[in-house]
Amino acid sequence: MMSNKWIITLYLLPAFLLIAVLIFIPLILSGYYGLMNWDGIGIMQFIGFENYIQALQDMKFWSSALHSFLLAAFSTLSLIVYLAVALILASKIKGTNLLRKIYLIPMLLSSVAIAQLWIKVYNPTNGMLNSILMAIGIENPPEWLADPSIVLFAIFIPIIWQYAGFYILIYYAALKNIPDTVIEAAKIDGATPLQIALKIKLPLIMNVFKVTIVLAVVGSLKYFDLIYVMTGGGPNGASEVMASYMYKLAFSSNDFGYGSAIGFLLLIITLIVTVIIRKVTATKEEIEY
Amino acid sequence: MGRIGYVFLYLCLAAVAVFQVFPIFWLILFSLKDNYEIFAGNPFALPEAVKWENYLSVFQGGIGTYFWNSIWTTIVSTMLTVLIASMATFVITRMRWKLSKLVLSLFLIGLMIPMHSALIPLFKMFMEAGLIDNPISIIITYTAYNLPITMMILLGFYSTIPREIEEAAIVDGSSIHRLFFRIILPISAPVLSTTVIINMIYNWNEFVFVNTFISSDKYKTLTVGMQNFIGQYMTDWGAIGATLVISFLPILIAFLFFSDRIVEGITSSAVKG
């Protein structure tokens, strides 16, 4: 192995500087700015933990956190559906290559384009969804994005639409990694396809499943673009999530100090949740074929 | 499994495929219709007369600037990310030094971090540096935030390069720079192309940073510029549809040619966890 301090420093420096200056230092500063009363332009005024205490008593913050966690719960549950689809795909069915790629198409679009498209899908009078509903005889279909009681579900559908292909693809790749010999052996022992899927394939890809739980939960906690464009957190805060609340506080209400505190809480919550999920799903054994 | 079982499974898979594609199909249909046909006609019928005018009016409205900004910021950031990530991955995986494991995990933590938490401090930083409303701000942010995922994809390949290649090069008296640029980079071409295409998709679709750091129209990229467009068209569905189709057409075309690379990039960036 080669070792040369100058070369190592030289090659590492650009990446290190970028990550330190643009990722880690801002994250720490966010916690620090959270201690300030600051409108974004004027002088910062140190106010101690006031913003953090305010956040803990702020119903809007808690409801946005609740919405983020609801999205995380929905996303985690939907992983089971993606896994089922992947199991079907991986069971020696023809045309899977094309199907996998078709599933992936929505993931290539920007969240902004997806949001704009689904605003049209949900349009109360001319949208795709209500056109179908009215065609099959439902007279007064809901106004999906204007009704506070269903808006969060309505937003969750395009989120599924965007990420389904991604998770199906990951599970499919993991399933294809299982050697044929393992499956053949089970068949010879008389296992049915369902038994093979549940008792052999599932346990063997459990590690990948755990990784996707972390991805789905962390991804949900930081959802922003889609919600910001589709509803702006409305109607009346019914679809506000942590990131959109932070963004509004800072860039619409010019409350940069409080916004920073919320941003820092978002970071802390995400890290804590990640650690908890890793601990809960931790296993010692490594699978080797 | 019986024949009926297979038919049922196929139907499940087909239903998922329809769900994934149908909204896009519907979008392309209404991007080629006028309002009268959209509001009065059957929403799933082919357009009676194809209205290319919708696309024409979007280009006359000036979407070209946003399109061009998306293209060049995407290309520049992608090149920077892939080069810088390759250099870092090279010294982390191929050279021996004490802190390599620590530095690597520091880089990879970046994958889990909600970037929104860094947004306000970044905004202040760029403000003080005079980089607000300057494309440099988004280019360096894209580069930094895509380094972790890019390194993650590169890691797998770099750790499989045989030592003999390096040893032979060193014995031949070539410098480490020469080894990296003339030997390692060229043999990593397949994985590099995967990282390039993944970076391009991410950069092309990025929204928050542009929305926060860029204010003048001449620097906005498509994701943000598109919002202005849609706001100004309000009820002209044909034009809105055309705007959306234009915004993702380049990615869809890239997908037709590089779908295997994209699939590989997505799986290798996640499965290794």
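Modeller: A residue counts as buried if 20 or more other C-beta atoms (placed from the backbone) lie within 10 Å of its own, as exposed if 12 or fewer do, and as partly exposed in between. Before we use that: this is a predicted model, where local features need pLDDT of at least 70 and side-chain atom pairs count only at pLDDT 80 or more, while totals for chains, interfaces and linings use all residues. Residues are numbered from 1 along each chain as its sequence is written, and chains are lettered from A and ligands numbered from 1 in the order in which they are written.

Biologist: What makes A:Phe61 buried or exposed?

Modeller: A:Phe61 has 21 other C-beta atoms within 10 Å, and the cut-off for buried is 20 or more. A:Phe61 is therefore buried. This residue lies in helix α3 of chain A, a helix being a DSSP run of H or I with at least four residues (strands are runs of E with at least two), numbered from the N terminus. Leaving out residues up to four places away in sequence, A:Phe61 touches A:Ala55, A:Tyr245 and A:Ile262; touching, or contact, is C-beta atoms within 7 Å, again placed from the backbone.

Biologist: And why is A:Asn236 called buried or exposed?

Modeller: There are 9 other C-beta atoms within 10 Å of A:Asn236, and exposed needs 12 or fewer, so A:Asn236 is exposed. The residue sits in the loop between α11 and α12 of chain A. Its phi is positive, about 55 degrees, although A:Asn236 is not a glycine. In that loop you also find A:Pro235, which a cis peptide bond with an omega of about -5 degrees joins to A:Gly234.

Biologist: What makes B:Asp133 buried, exposed or partly exposed?

Modeller: Count again: B:Asp133 has 15 other C-beta atoms within 10 Å. That is in between the two cut-offs, so B:Asp133 is partly exposed. You'll find B:Asp133 in the loop between α6 (119-128) and α7 (135-158) of chain B, and here too phi is positive in a residue other than glycine, near 60 degrees.

Biologist: How do you know where the buried residues of α9(B) fall?

Modeller: The buried ones are B:Ile176, B:Leu179, B:Phe180 and B:Ile184. Look down the axis of α9(B): they fall within an arc of 90 degrees, so they line one face of the helix. The arc is taken from the directions that run from the helix axis to the C-beta atoms. An α-helix has 3.6 residues a turn, so residues three or four places apart point the same way. Turned away from that buried side is a face with the exposed residues B:His177, B:Arg182 and B:Pro186. The cover over the buried residues includes α1 (5-33) of chain A, along with α4 (63-94) and α8 (163-171) of chain B.

Biologist: How do you know the span of helix α9 of chain B is close to what is expected?

Modeller: From its first C-alpha to its last, this helix of twelve residues (176-187) reaches 15 Å, close to the expected 16 Å. The expected span is 1.5 Å times one less than the number of residues.

Biologist: What makes up the side of chain B that touches chain A?

Modeller: In total, 70 residues of chain B are in contact with 71 residues of chain A. Helix α1 (residues 3-31) of chain B gives the most to that side, with twelve residues. The side of chain B divides into 53 nonpolar, 14 polar and three charged residues. Nonpolar here means Ala, Val, Leu, Ile, Met, Phe, Trp, Tyr, Cys and Pro; charged means Asp, Glu, Lys and Arg; the others, Gly among them, are polar.

Notes
Two residues are in contact if their C-beta atoms, placed from the backbone, lie within 7 Å.
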